[in-house]
Amino acid sequence: MVLVLRYPICLFALIVIFSLSNNNLCFSKAQSGWSPAGATWYGPPTGAGSDGGACGYQDAVEQAPFSSRVKCTKNVNGACSENPVRVVITDECPGCVSESVHFDLSGTAFGAMAASGQANQLRNVGVLQIQYRRVECDYSGTNVVFVVDSGSNPYYFAVLIKFVEGDGNLAAVDLQRTSQSNTWLPMQHSWGAVWKLDSGSALTAPFSLRLTAAVSGQTIVANNVIPAGWEAGQTYQSLVNF
C-alpha cells in the first residue's frame, strides 16, 4: 500500500474516512480532530502506486508491513465499508492539485476501502473529498530496520530507517562506535528517511544508533545494530522500536 501526500512526511500513519454521496462530498458534520482533503489513486488497480517514493523505501512499499496497512471507511452508496482506513505516507506529489492537502493513493489502498466486491466501483469514482487525522504508526510488532546506503564507506555512513512506530517522524539520529562508548556523533538528515554522517575520519564498527522521536521526545537505542564488516546496501534488523 502506498500513499502520496502533497507535502512529504515519512513514517507516520493517518486514519482516513470518507463518504460517497451524489456530489462526492465528505461528512456533513465536522468531527473533532479531522481535517478536509482530496483523494485520488493512480497506477495499476491492485498495484503499489509509487515506485520507491520520496522516503527512499524503494520496492519495500509493495511488501508488508507497508502493503498490509489498510482498513476501511464510511459508506453511503454501498461501494465503501464502514471502517476507517489506515495508510502510510511514503511519497510526495508537489503541485499535484490545488488543494492544500491531497492523498494520491495506490489502487490497492483505494480499493481496500471498499465494501466486499465493490473495489472497482469505488476506484471508478476517481476523485473523493475526504477527512483525515494523524495517528500513531503501528507496524504490528515489527522492529526498526536499517538499510545502509549504497554510497556508504568508512568515512561516510548513511542509513535508511524503516518501520519507526509511535510518532513516526524522527527529530535526531546519533551514532556511537563501540570502541568509543561515551561518545555519540550526531547524524544529519539527508532526505526522506535517510540520515548520514560525514565523519572526515574512518569510522570503525560495530555501531549503535540512537533515535529520538520528533513529537514525544522519546529515545531508543539499537545497540551494535550495524556490525563489524557491514556492507553498503545491506539491511540490518534491530531488536527495538518505540
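Which residues does phenylalanine 157 touch, not counting residues up to four places away in sequence? The views below are of a predicted model, in which local features need pLDDT of at least 70, side-chain atom pairs count only at pLDDT 80 or more, and totals for chains, interfaces and linings use all residues. Residues are numbered from 1 along each chain as its sequence is written, and side-chain values use heavy atoms, with hydrogens and water left out.

**View 1. Surroundings of phenylalanine 157.** Contacts (heavy atoms within 4.5 Å) link Phe157 to Val148, Ser152, Leu175, Met187, Trp195, Lys196, Leu197, Leu203, Phe207, Ile226 and Trp230, leaving aside residues up to four places away in sequence.

**View 2. The largest nonpolar core.** A nonpolar core is a set of buried (under 20% relative accessible area, 1.4 Å probe, protein chains only) Ala, Val, Leu, Ile, Met, Phe, Trp, Tyr and Cys residues joined through side-chain atoms within 4.5 Å. Among its 27 residues, Phe146, Phe157, Ile161, Met187, Leu211 and Ile226 touch the most other members. At least two residues of this core come from each of strands E7 (145–148), E8 (156–162), E9 (170–177), E12 (194–198), E13 and E14 (219–226); strands are DSSP runs of at least two residues, numbered from the N terminus. Another core, of 16 residues, lies apart from it and includes Ala109, Leu122, Leu128 and Ile130.

**View 3. Serine 208 in strand E13 (residues 207–213).** Serine 208 is buried, at 3% relative accessible area. A polar atom of its side chain lies 2.8 Å from the backbone nitrogen of asparagine 224.

**View 4. Tryptophan 34 in the loop between strands E2 (13–18) and E3 (35–42).** Tryptophan 34 is buried, with a relative accessible area of 16%. Its C-alpha atom is separated by 5.3 Å from that of tyrosine 132, 98 residues apart along the chain.

Conventions. Helix = DSSP H or I, 4+ residues; strand = E, 2+ residues; numbered from the N terminus. Buried < 20%, exposed > 50% of the residue type's maximum accessible area, 1.4 Å probe, protein only. Polar contact = N/O pair within 3.5 Å; in protein donor to acceptor, adjacent residues only side chain to side chain.
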